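Dear colleague,

Please find the structure below, together with its sequence. The findings follow directly after it.

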Amino acid sequence: MTALMWLLVTAAGLDQVAAGIMGFIPARLLGAVQIPGAVPAFLTPLTATLVHGGIFHLAFNLLMLLWCGTAVERVLGKGGLITLYLVGAFISAGAQFLADPGGVVPMIGASGAISAVIGAFSLSFGRPKQITKSVRLNMWLNALWLLAAWVLLQLAMGVIAGGQGYMLATPAHIGGFLAGLLLQRPLLLWRYRKA
């Protein structure tokens with residue numbers, strides 16, 4: 001669906017229009033920006049996942065979704081993966097809003113939602129080291145380590161991009177990853193609740 005939407009928008013030459021009417025713009029939630037014909041602001045965390053900034057943006061997101069999403073689907077099931085993706089889209093938009101509530105640059109792409117999938121993937125397939133004798137504490141330490149590593153990676157990407165971290169939606173990536181870390185276990189327990 002994401003690839004088809006990008007293809008249609010690009011073929012029609014409506015990239016910038018689509019970003020404005022479908023992208024997540026934090027200031028719209030406060031009513032500071034009005035865009036005639038735009039998708040309702042509360043839906044834009046979802047519609048923003050359908051609009052991308054170019055073929056490389058789309059290709060990288062699809063590659064990460066294919067690689068991590070396939071594995072996460074085996075662990076959490078199709079419903080768990082869809083839930084993770086949708087909740088990740090909203091949480092990542094919320095993180096972007098908290099970082100810049102007056103922002104008027106549209107946040108587009110599925111990176112925040114896919115970051116939630118990557119967060120769940122890292123917990124599902126990572127190997128926590130035994131630091132303490134408590135399995136539960138080791139699990140939480142592993143999650144905190146993964147979160148710290150992801151935050152540093154996202155900040156480094158912002159620096160590499162010449163300080164354009166907000167243009168890369170760094171807060172959204174971090175928020176999505178955190179959502180994946182927090183949702184992985186509840187979704188896993190839900191899937192196997194009758195086992």
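A polar contact here is a pair of N or O atoms within 3.5 Å; within protein, one must be able to donate a hydrogen and the other to accept it, and residues adjacent in sequence count only if both atoms are side-chain atoms. By that definition, the side chains of Ser-111 and Asn-61 are joined by a polar contact of 3.0 Å.

The model is a predicted one, in which local features need pLDDT of at least 70 and side-chain atom pairs count only at pLDDT 80 or more, while totals for chains, interfaces and linings use all residues. Residues are numbered from 1 along each chain as its sequence is written, and side-chain values use heavy atoms, with hydrogens and water left out.

Ser-111 belongs to helix α6; helices (H or I, at least four residues) and strands (E, at least two) are DSSP runs, numbered from the N terminus. Ser-111 counts as buried because its relative accessibility is 15%, where buried means under 20% relative accessible area, exposed over 50%, and partly exposed in between (1.4 Å probe, protein chains only). Setting aside neighbours within four places in sequence, Ser-111 is in contact (heavy atoms within 4.5 Å) with His-57, Asn-61 and His-173.

Asn-61 also has a side-chain polar contact with the side chain of His-52, at 3.0 Å. His-52 sits in the loop between α4 and α5 and, at 4% relative accessibility, counts as buried. When residues up to four places away in sequence are not counted, His-52 touches Thr-2, Trp-6, His-57, Leu-58, Asn-61, Ile-108, Gly-109 and Ala-110. The C-alpha atoms of His-52 and Asp-15 are separated by 8.2 Å, although the two residues are 37 apart along the chain.

Helix α2

Helix α2 covers residues 15-22, and its buried residues are Ala-18, Ala-19, Gly-20 and Met-22. These buried residues pack against α1 (2-11) and α4 (44-47).

Pockets and cavity

Both terms rest on a 1 Å grid over the protein atoms alone: a cavity is a set of points where a 1.4 Å probe fits but cannot get out, and a pocket is an open set with protein on both sides within 12 Å along at least five of seven lines; lining residues have an atom within 4 Å of a point. Grid points are joined across faces, edges and corners, and a volume is the space filled by probe spheres set on the points.

The largest pocket holds about 870 Å³ of space. It is lined by 36 residues, of which His-57, Ser-111, Leu-168, Ala-169 and His-173 are the closest to its centre. Helices α5, α6, α7 (135-160) and α8 (170-191) each supply at least two lining residues, and α5 gives the most, with six. By class, the lining of the largest pocket has 22 nonpolar, 13 polar and one charged residues; Ala, Val, Leu, Ile, Met, Phe, Trp, Tyr, Cys and Pro count as nonpolar, Asp, Glu, Lys and Arg as charged, and the others, Gly among them, as polar.

The second largest pocket has a volume of about 330 Å³. Of its 17 lining residues, Leu-123, Met-139, Ala-143, Leu-181 and Arg-185 are the closest to the centre. Helices α7 and α8 each contribute at least two residues to this lining, which by class has 12 nonpolar, three polar and two charged residues.

One cavity of 30 Å³ or more was found, and the largest cavity contains about 40 Å³ of space. Its lining includes Pro-45, Met-107 and Ser-111. Helix α6 provides the largest share of that lining, three residues. By class, the cavity lining has six nonpolar, five polar and no charged residues.

Aromatic pairs

Three aromatic pairs were found in the whole structure. Rings of Phe, Tyr and Trp (its six-membered ring) pair if their centres lie within 6.5 Å; planes under 30 degrees apart count as stacked, over 60 as edge-to-face and the rest as tilted. Trp-67 and Phe-121 form a tilted pair, 5.5 Å centre to centre with 50 degrees between the planes. Trp-67 lies in helix α5 and Phe-121 in helix α6, so this pair ties together parts that are 54 residues apart in sequence. Trp-67 is exposed, with a relative accessible area of 54%, whereas Phe-121 counts as buried at 18% relative accessibility.

The rings of Phe-121 and Phe-125 have their centres 5.0 Å apart and their planes at 40 degrees, so that pair is tilted. Phe-125 is partly exposed, with a relative accessible area of 40%.

With kind regards
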